[in-house]
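Work through the exercises below with the model open. Each task is followed by its solution.

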Amino acid sequence: MASFLPSWSFSFLFTSWMLVTLSRTVVAKVVYRPSPWHLAHATFYGDETASETMGGACGYGNLFVNGYGTDTAALSSTLFNNGYACGTCYQIKCYGASACFRNVQFTTVTATNLCPPNWSQDSNAGGWCNPPRTHFDMSKPAFMKIAQWKAGIVPVMYRRVPCIRAGGLRFSFQGNGYWLLVYVMNVAGGGDIANMWVKGSRSGWIEMSHNWGASYQAFATLGGQALSFRITSYTSKETIIAWNVAPSNWNVGLTYKANVNFH
């Protein structure tokens with residue numbers, strides 16, 4: 001004699017199967033891939049110490065302390081994108097000039113500064129960073145890896161590449177009791193940030209606004225709360241959460257490290 005299960009049993013079994021299936025689903029990580037090669041030009045600023053590259057429009061401060069070193073460049077405004085390009089990484093190779101080092105394929109730099117327009121000079125005679133030019137004003141040590149520095153300016157080929165960073169995101173705090181300004185550093189993957197939120201241990205998620213460069217701000221009273229951050233990459237659109245980055249006794253002037261990063 002055939003036996004039948006009640007209709008609710010089929011529903012229960014189907015739901016259970018779906019839950020098991022969903023629990024086994026593997027979510028792939030978003031991995032940033034290199035872009036095609038493009039043509040541009042490159043110059044350099046400062047001397048061999050790269051001391052003039054410290055600070056910069058991205059707000060990274062001391063580039064040695066914060067892990068960027070001397071392999072950096074200032075971008076023309078066409079590339080800088082109002083600061084959203086801060087932290088992006090590029091492979092640059094000298095191309096088609098006698099000053100190029102033939103045995104060097106490329107060097108890799110991080111965008112840490114803005115090369116502003118110089119409207120008093122022609123775009124082809126000194127105003128190298130005038131829009132719509134695509135231009136890299138490299139640190140002198142970085143420039144000297146691809147070409148003879150006496151050339152001054154050389155044609156180059158460049159492409160965006162994933163940023164390789166050791167460890168997690170870093171958050172440098174500034175501001176006061178009613179205004180939190182956060183500089184985001186050591187960003188891997190695309191290297192850039194599109195949106196950012198902060199959450200106190202006693203608050204919900206608060207959307208932060210882009211201040212300038214690599215900094216985001218929240219006008220909120222968050223003292224005495226452990227802080228978490230939700231960050232979306234400008235390039236890959238991936239969103240990650242760095243939970244409890246700063247303890248409840250956090251303070252401005254300090255940098256806090258997360259254990260997550262982009263890829």
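The exercises cover the chain, its nonpolar cores and its cavity.

This is a predicted model, in which local features need pLDDT of at least 70, side-chain atom pairs count only at pLDDT 80 or more, and totals for chains, interfaces and linings use all residues. Residues are numbered from 1 along each chain as its sequence is written, and side-chain values use heavy atoms, with hydrogens and water left out.

**Exercise 1.** Find what share of the chain counts as buried.

Solution. Apply the cut-off: buried means under 20% relative accessible area with a 1.4 Å probe, protein chains only. Of 263 residues, 44% pass.

**Exercise 2.** Identify the residues of the largest nonpolar core that touch the most other members.

Solution.
- Step one: take buried Ala, Val, Leu, Ile, Met, Phe, Trp, Tyr and Cys residues and join them through side-chain atoms within 4.5 Å.
- Step two: the largest such core has 32 residues.
- Step three: Tyr60, Leu75, Tyr90, Ile92, Phe136 and Met138 touch the most other members.
- Step four: another core, of 26 residues, lies apart from it and includes Val187 and Met208.

**Exercise 3.** Describe the largest cavity and its lining.

Solution.
- Step one: on a 1 Å grid over the protein atoms alone, a cavity is a set of points where a 1.4 Å probe fits but cannot get out; lining residues have an atom within 4 Å of a point.
- Step two: one cavity of 30 Å³ or more is present, and the largest has a volume of about 60 Å³.
- Step three: its lining includes Tyr60, Val187, Asp192 and Tyr216.
- Step four: the lining residues divide into eight nonpolar, three polar and one charged.

Notes: Buried means under 20% relative accessible area, exposed over 50%, partly exposed in between (1.4 Å probe, protein chains only). On a 1 Å grid over the protein atoms alone, a cavity is a set of points where a 1.4 Å probe fits but cannot get out, and a pocket is an open set with protein on both sides within 12 Å along at least five of seven lines; lining residues have an atom within 4 Å of a point. Grid points are joined across faces, edges and corners, and a volume is the space filled by probe spheres set on the points. Ala, Val, Leu, Ile, Met, Phe, Trp, Tyr, Cys and Pro count as nonpolar, Asp, Glu, Lys and Arg as charged, and the others, Gly among them, as polar.
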